[in-house]
Amino acid sequence: MTILRLCTIVLFLLCTSVTAKTILFTNANGYTLTGEPGTDAQLKQFNTLLIINGKVAAVGDYEQLTKRLNLADITNQINLQGKTILPGLIDAHGHVLGLGQNLMQADLRDAASETAAVATVNNFAKQNPQLEWVIGRGWNQENWPSKEFPQRNSLDEAITDRPVYLTRVDGHAAWANSKALELAGITAATVSPEGGDIIRDSNGEPTGVLIDNAMALIEQKLPAASIEQTKQALQLAFDHLLAQGITSVHDAGIDALNLKAYQDLAAQNMPLRVYAMLSGSEPKLAELLAQGAIVSDDDKLTVRSVKIYADGALGSRGAALLEPYSDSPHQHGLMVTSQEDMRALYQLIIPHGFQINTHAIGDRANRIVLDEFAHAFELFGGANLRHRIEHAQVVHPDDLVRFKQLNIIASMQPTHATSDKNMAEDRLGKARMKGAYAWQTLAQQGTIIAAGSDFPVELANPFFGLHAAVTRQDRDNQPQGGWYAHESLTLTQALQAFTLDAAYAAGQEQILGTLEPGKWADFIVLDHDPFARDAAILWQNQVQATYVAGERVYHQATTK
């Protein structure tokens, strides 16, 4: 640390009122990053962290840092006893309300078959007789022996008195019983909506599975959540995320009610930071855009972006592909938002100075989104707004360089690759894998990668994501050597994607993402040093404490 920096700190302490809160964390095994987003940032180690009024005042060596400080001015000193600290991790793509709601619904993630899923739902229904609807999420037919979509008949055998609505793990398909179909008026004569599909049996009857936009036929019949129920779900999600070491989250699509709940909670001091994207399908979008960006004084709530869905998901064959699915030659996937509607949305959003974050998984969807960004930039500018493609999962090799040319951020989720590895080649064939989950290729060309999890599609634990990014393996360390391992990231690159570059993707790299002077003191305390462990067990790291603006907001309970 330079003498100039130390003198600046001393002067700051002398000029700060006696009520200033100063905390000195000592005996730490600290890591932070230094450098610019999108470049190969460097790791910096330190053992002492000085925080003044919630922001980092200095990081460095204890003796060098404290010899010019009056320790009597320090409000509190905390000896970390050699424990590892990292900058607070940022999940650049999650669904906070969905996570909170999931914690209150039937969880089908571990169901190993359709029969097991039905048993889980039936048990949940019996435990919650007061519920008007039985709602759940997490089923994945790719993990079942049959690998076939489920049927309404199996649900009907268990529950007939109440409607049942179960969302697939990726949120792009749903499974309903006959009661739910009846309430929604879905029959053999019902036409699938544009951008959606009602799956039918050989007789033309609905099987109970709805894809993408067809899900709205039932969702519009679901009981509307109140503002208080929404806040309750958000609070549950906050607690869960902080326990995972996530200090900031980019919420990928919120409606007006969700926004109001966030504003109410922000006024009461939210425990973590939320960078919320307005939903492109929100009826009041134009009105909300006209009101301008929202940035709370404590930077806990920021709203200056819009989330748009281009296509569906790979697992439900809703991802829009240039060529047919290898395992279903009559299908190309679905454009959830037409190219014409996307163009109109871009024209509406960009003049307001809002960032656009467009979900695109298939190579056709990614190409269309890139085309529409190029068209918008040529027509009315906005290339400096740090627009993003969410997922950027399957990209034609010819289009990868366009991310850099158009200054588009790739918002990607490492655990998607390790979850999809048993299915992706079936859907795409080997040839199309060249541009799929191409993290290192994008990083080497200088494209910003903002990492996240897409919870509750995947589990929110960011160490699962760091592990997947580095090893390209699942948590059983399969496949050996990694799945398309040439696209793996180094641990430093992966940490950068979950911190500094994720902050950049929200326009917040000046205040978040590293533990450098002037930034908010958001950090986590770990049970082990991830840089000193075998990459195969990265996912086992446990968060012992989480701090936001220097305040401890989570502490791992200890057992005797």
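Biologist: Let's start with Trp 539: what is its relative accessible area?
Modeller: Keep in mind that this is a predicted model. Buried needs under 20% and exposed needs over 50%, so Trp 539, which counts as partly exposed, falls in between. Its relative accessible area is 24%.

Biologist: And Phe 464, buried or exposed?
Modeller: Phe 464 has a relative accessible area of 13%. The cut-off for buried is under 20%, so Phe 464 is buried.

Biologist: What kind of aromatic pair do Phe 464 and Trp 539 make?
Modeller: The structure holds 14 aromatic pairs. In the pair of Phe 464 and Trp 539, the ring centres are 6.1 Å apart and the planes meet at 65°. Planes over 60 degrees apart meet the cut-off, so the pair is edge-to-face.

Biologist: How many residues apart in sequence are the parts that this pair ties together?
Modeller: Phe 464 belongs to helix α17, residues 462–471. Trp 539 is in the loop between β23 (523–526) and β24 (543–548), so the pair links parts whose separation in sequence is 75 residues.

Biologist: Which element gives the most to the lining of the second largest pocket?
Modeller: The pocket has a volume of about 370 Å³, and 21 residues line it, with Phe 149, Ile 199, Ser 316, Arg 317 and Gln 331 nearest its centre. The elements giving two or more residues to that lining are β13 (196–200) and β14 (206–212). With 3 residues, the top contributor is β13.

Biologist: How many charged residues are in the lining of that second largest pocket?
Modeller: Sorted by class, the lining has 4 nonpolar and 8 polar residues. The charged residues in the lining of the second largest pocket number 9.

Biologist: Which residues of helix α11 are buried, and what arc do they cover?
Modeller: Helix α11 spans residues 339–349, and its buried residues are Met 342, Leu 345, Tyr 346 and Ile 349. They all sit on the same side of α11, because the arc they cover around the axis is only 100°.

Biologist: What covers the buried residues of α11?
Modeller: The cover includes both helices and strands. Among the elements are α10 (285–290), β18 (301–309), β19 (355–360) and α12 (363–380).

Biologist: Which residues does Val 191 touch, leaving out those up to four places away in sequence?
Modeller: Val 191 is placed in the loop between α6 (178–184) and β13. At 67% relative accessibility, it counts as exposed. Even so, Val 191 has contacts with Ile 198 and Arg 200.

Biologist: What is phi of Gln 81?
Modeller: Gln 81 lies in the loop between β6 (76–79) and β7 (84–87), and it is exposed, with a relative accessible area of 62%. Gln 81 isn't a glycine, yet phi is positive, near 55°.

Biologist: And Tyr 437, buried or exposed?
Modeller: Tyr 437 also has a positive phi, about 50°, although it is not a glycine. Tyr 437 is in the loop between α15 (424–428) and α16 (439–444). Its relative accessibility is 2%, so Tyr 437 counts as buried.

How values were computed. Residues numbered from 1 in each chain as written. Predicted model: local features only at pLDDT ≥ 70, side-chain atom pairs only at ≥ 80, totals over all residues. Heavy atoms only, no water. Buried < 20%, exposed > 50% of the residue type's maximum accessible area, 1.4 Å probe, protein only. Helix = DSSP H or I, 4+ residues; strand = E, 2+ residues; numbered from the N terminus. Arc of directions from axis to C-beta. Contact = heavy atoms within 4.5 Å. Phe/Tyr/Trp six-rings, centres within 6.5 Å; stacked < 30°, edge-to-face > 60°. 1 Å grid on protein atoms, 1.4 Å probe; cavity = no way out; pocket = protein on both sides within 12 Å on 5 of 7 lines; lining within 4 Å. Points joined across faces, edges and corners; volume = space filled by probe spheres on them. Nonpolar A, V, L, I, M, F, W, Y, C, P; charged D, E, K, R; others polar.
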